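Thanks for coming. I will keep this short and go through a few local features of one chain.

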Amino acid sequence: MTKFRKPILAVVVVLGVLYLATWFVNRSERTTQKFADHVYRGRYGEATQMLTSSCSMKLRPDGGLTLVDRAGNTTVVPAGKLPFGVGGGQPDAPGDFSMTALGSATNGILEAPAIIMYLSVEGGRICIHHVDS
């Protein structure tokens, strides 16, 4: 039994290292999915807890949303534009992903321009790079 102890221990250590490496590599993707789900479903309190300290997201009394990006710029998203969906931003824009609030449309044409927020994952937290409105 003792002659198998070292090989078994080595296999356990290798599997542990592989698990941790996989967890670390997929951390950014999991954070992105979790944040996007919170924002899409209107769970802004949970989404705010995932933001870096320089960014914020706050639900307004009228049902709108106030966003503050990393530079301190404030954007108000009217309640009629919500929810945000994943995607819609420019492919060469900064950040890891984007989310777009479209609002209502008539015959497939938006009644007002879309609001796009560009985001990135930084150290396991989400940062709002900027918001186009």
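One term before we begin: a strand, written E, is a DSSP run of at least two residues, and strands are numbered from the N terminus. The model is predicted, so please keep that in mind.

Let us start with threonine 66, which belongs to strand E2, residues 65–68. Is threonine 66 buried or exposed? Its relative accessible area is 15%. The cut-off for buried is under 20%, so threonine 66 counts as buried. Beyond its neighbours within four places in sequence, threonine 66 touches several residues, among them Ser56, Met57, Thr75 and Val76.

Now the sheet around that strand. Three strands form an open sheet in the order E1-E2-E3, and the pairing is antiparallel. E1, residues 56–59, and E3 are the edge strands, each pairing on one side only. On average, neighbouring strands here are turned by 15° against each other, ignoring direction. Between E1 and E2 there are four bridges, in the antiparallel sense. Leucine 59 has leucine 65 in E2 as its bridge partner.

Next, two backbone details. As background, most residues other than glycine have a negative phi, and most peptide bonds are trans.

Which peptide bond is cis? The one from leucine 82 to proline 83, with omega near 10°. Proline 83 sits in the loop between strand E3, 74–77, and strand E4, 84–86.

The other detail is asparagine 107. Its phi is positive, about 55°, although asparagine 107 is not a glycine. This residue is in the loop between strand E6, 105–106, and strand E7, 109–110. Asparagine 107 counts as exposed because its relative accessibility is 77%, and the cut-off for exposed is over 50%.

Terms used
Residues numbered from 1 in each chain as written. Predicted model: local features only at pLDDT ≥ 70, side-chain atom pairs only at ≥ 80, totals over all residues. Heavy atoms only, no water. Buried < 20%, exposed > 50% of the residue type's maximum accessible area, 1.4 Å probe, protein only. Contact = heavy atoms within 4.5 Å. Pairing = 2+ DSSP bridges. Axes fitted to C-alpha atoms, helices over the stretch in contact; angles between N-to-C directions.
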